[in-house]
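Hello,

I am handing over the structure below. Please look at it before reading the notes under it.

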Amino acid sequence: MQRNRLVYGGWIVVVIAMGLVSRSGWGREFLAVFVREYAGDALWALMVFLGLGFLFPRVEIWKIAAGALGISFGVEVSQLYHAEWIDGIRATRMGGLVLGRGWVATDLICYAVGVAVGVVGEKFAGLKCSAFREGGRLPSDRSDQ
């Protein structure tokens with residue numbers, strides 16, 4: 001399967017917007033505490049998954065998922081390292097959004113959920129695309145078998 005970069009680019013923009021809203025004043029005011037606490041991290045990992053899918057449209061889904069988990073976990077583990085230069089970057093708005101601010105073990109679960117959402121979404125989209133190629137029928141619905 002080859003991913004459509006235009007579709008992936010659009011989803012990246014949507015996921016970034018959702019993540020920013022989840023961390024904004026509006027999100028703090030209107031979203032449930034659970035969503036405010038965990039959605040941003042799951043959306044961050046989903047964005048990494050989509051970004052890798054955008055950059056590598058022909059790479060198998062499991063490799064994209066493994067790469068997204070590796071990057072997400074790596075960034076989280078990097079938050080255990082504290083030096084003046086990197087903490088200075090993390091103190092900025094953009095640096096905090098990209099690199100995070102401090103180690104939180106539950107973020108690893110959020111990252112796994114975000115990548116899983118990406119895998120399920122891509123699998124569902126692939127099924128829908130193959131159904132269109134088959135004239136609106138799923139491959140298992142063929143009467144010629």
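Predicted model: local features only at pLDDT ≥ 70, side-chain atom pairs only at ≥ 80, totals over all residues.

Residues are numbered from 1 along each chain as its sequence is written, and side-chain values use heavy atoms, with hydrogens and water left out.

Rings of Phe, Tyr and Trp (its six-membered ring) pair if their centres lie within 6.5 Å; planes under 30 degrees apart count as stacked, over 60 as edge-to-face and the rest as tilted. The count under this rule is two aromatic pairs.

Trp44 and Tyr111 have ring centres 5.8 Å apart and planes at 45°, so this pair is tilted. The pair links distant parts of the chain, with Trp44 in helix H3 (residues 33-55) and Tyr111 in helix H7 (residues 106-133), 67 residues apart. Helices are DSSP runs (H or I, at least four residues), numbered from the N terminus. Both residues, Trp44 and Tyr111, are buried (under 20% relative accessible area, with exposed over 50% and partly exposed in between; 1.4 Å probe, protein chains only).

Phe73 and Tyr111 have ring centres 6.5 Å apart and planes at 40°, so this pair is tilted. Here Phe73 sits in helix H4 (residues 61-78), 38 residues from Tyr111. Phe73 counts as partly exposed at 32% relative accessibility, and Tyr111 as buried at 4%. Trp44, Phe73 and Tyr111 form one aromatic cluster.

Arg5 lies over the face of Phe54, 5.6 Å from the ring centre. A charge sits over a ring if NZ of Lys or CZ of Arg is within 6 Å of the ring centre and within 35 degrees of the ring normal.

Regards

Terms used:
Helix = DSSP H or I, 4+ residues; strand = E, 2+ residues; numbered from the N terminus.
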